[in-house]
Structures are given as C-alpha cells and as structure tokens.
Amino acid sequence: MEPQRAQADLEQAIVALARDLPKMAMEDACTRLDWLRRQATLEGFVPAAMLADGFANAITRQGRSAPFRTWLDALSVAATCGRENADVGPLLLATVGVRFEV
C-alpha cells in the first residue's frame, strides 16, 4: 500500500480506538491494539507498532487505570512518523514513561 494511504488508515484506526475505548472491554482494546501493531509492522511504521505494543502492555498491567489519553496521543504522533523514523519509537515510549514516573 502507498505510504500516505497506510498512514491515513493507521490514523483512522487510532481515532476509532480513542472513540471506542471508554466503553470497550480491556481484552477487546488489546485485540484492537494487536491488530494495529500488526498493520503498522506490515506497512513499516515501526514507531506506531512499538507504541501499539506498549499501550497493550500498559492495559494488560494497569487496566482502566492506564493513562489512555497519554498513550493515544503518543500513538497518534507515532503514526505520523512514517517509515523513515524507526528510531523515534523508543523516544515516544520514554515520553509516556517519564510523565508517570515519580
């Protein structure tokens, strides 16, 4: 798929997840994030794949107390990074962690 189309599809999937997340079971949210991670990986969007995986792990560990808005914001930024910015993934993961470490 062309990069712009793949990016738009990822961005739409993230918007849909953000819309649906408040009323979703956490298992369903992890399933959606796993799908998003696989799609991002297939299209070469490494930062988005990393953030989707991190978000799913956070939900598994913390459930509804995970900072959804922060993860969704970081995931949205990761989707805009495209294919050439694989090194941005760890930086975005760190920004989520830094916000909540005391």
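## Contacts and overall form

A contact here means heavy atoms within 4.5 Å, and in this predicted model residues 24 or more positions apart account for 65% of the contacts with a separation of 6 or more. The protein holds five helices and zero strands, where helices (H or I, at least four residues) and strands (E, at least two) are DSSP runs numbered from the N terminus. Along its principal axes the C-alpha trace spans about 35 × 30 × 15 Å.

## Nonpolar core

The largest nonpolar core, with 33 residues, has Leu21, Leu33, Phe55, Ile59 and Leu75 as the members with the most contacts inside it; such a core is a set of buried Ala, Val, Leu, Ile, Met, Phe, Trp, Tyr and Cys residues joined through side-chain atoms within 4.5 Å, and buried means under 20% relative accessible area (1.4 Å probe, protein chains only). Helix H3 supplies the largest share of this core, eight residues. Leaving aside residues up to four places away in sequence, Leu33 touches Leu17, Ala52, Phe55, Ala56, Ile59 and Leu75.

## Confidence and conventions

The mean pLDDT, the predictor's confidence in each residue from 0 to 100, is 89 for the protein, and 94% of its residues reach 70 or more. Confidence is lowest in H5, at a mean of 74, and highest in H2, at 96.

Residues are numbered from 1 along each chain as its sequence is written, and side-chain values use heavy atoms, with hydrogens and water left out. Local features need pLDDT of at least 70 and side-chain atom pairs count only at pLDDT 80 or more, whereas totals for chains, interfaces and linings use all residues.

Methods: Buried means under 20% relative accessible area, exposed over 50%, partly exposed in between (1.4 Å probe, protein chains only).
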